[in-house]
Amino acid sequence: MNIIVDDDLVLDSSNKFEAINSITLNLKSLTNNAQFISNDNITINTSDYIVNNASLSSGNTITLNAVNYITNNDSNETLFGIRGAFTNLNTNLLTNYGLISSLYDMNIKVNDIVNYGGIASANTDNYSSIMNITANNLTNYNTIYSNDDINLFIKDNILNQNATIYATNNITIQ
């Protein structure tokens, strides 16, 4: 299903959006306060921003593309954060206060990333869960974890302040 909205979309906490099949949203911006779940793929494209205050969860691949920024906030909900079997995030500024996770491979392509929460790529099935982060600047105040490899393609600065970057296998910094 493809949905095009030429404006801002705000989903409040009384909403629950569940899809059996893939869903693609093309929007000006998204503020998500709801449980937004697909058993298949989720693709969200915005010409401005994405703010997640609840759950964006895909049973397959979740791809979030925002021109200006993506903010993932912490939540008191049982299920919260940005999660997919495969997770792809593309934006100018990624700020994470909650959990961004994937069961398998994760690709983050941003100009700047600031992590106050957790970013994890892990599974118990011994399948690939390689994490790739491509950015100009990486600032980490909490945890970045993979039970496989982490590849950090950082052009300018890495600040890892009282924080952990941990991979079961290899960490590559270029």
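Student: Which residues do ring pairs link into a cluster?

Tutor: This is a predicted model: local features need pLDDT of at least 70, side-chain atom pairs count only at pLDDT 80 or more, and totals for chains, interfaces and linings use all residues. Residues are numbered from 1 along each chain as its sequence is written, and side-chain values use heavy atoms, with hydrogens and water left out. Rings of Phe, Tyr and Trp (its six-membered ring) pair if their centres lie within 6.5 Å. Ring pairs make a cluster of F86, Y104 and Y127.

Student: How many aromatic pairs are there?

Tutor: Pairs are also sorted by plane angle: stacked under 30 degrees, edge-to-face over 60, tilted for the rest. The count of aromatic pairs comes to 7.

Student: What is the centre-to-centre distance of Y49 and Y69?

Tutor: Y49 sits in strand β8 and Y69 in strand β11, 20 residues apart. Strands are DSSP runs of E, at least two residues, numbered from the N terminus. The two rings are stacked, with 5° between the planes, and their centre-to-centre distance is 5.1 Å.

Student: Is Y49 buried or exposed?

Tutor: Buried means under 20% relative accessible area, exposed over 50%, and partly exposed in between (1.4 Å probe, protein chains only). Y69, at 29%, counts as partly exposed. Y49 has 18% relative accessibility, so Y49 is buried.

Student: What is the angle between the planes of Y116 and Y141?

Tutor: Y116 lies in the loop between β15 and β16, while Y141 lies in the loop between β17 and β18, 25 residues apart. This pair is stacked at 5.0 Å centre to centre, and the angle between the planes is 15°.

Student: Which residues form the nonpolar patch on the surface?

Tutor: Nonpolar patch members need over 30% relative accessible area, no salt bridge, and side chains (Val, Leu, Ile, Met, Phe, Trp, Tyr) within 5 Å. A salt bridge puts a Lys or Arg side-chain nitrogen within 4 Å of an Asp or Glu carboxyl oxygen. The patch has about 360 Å² of accessible area (Shrake-Rupley, 1.4 Å probe) and is formed by Y97, Y116, Y141 and L159.

Student: What is the bridge partner of G84 in β14?

Tutor: Strands β12 and β14 run parallel, joined by 3 bridges. In β14, the partner of G84 is S102.

Definitions and conventions
Pairing = 2+ DSSP bridges. Helix = DSSP H or I, 4+ residues; strand = E, 2+ residues; numbered from the N terminus. Patch = residues over 30% accessible without salt bridge, like charges linked within 9 Å, V, L, I, M, F, W, Y side chains within 5 Å.
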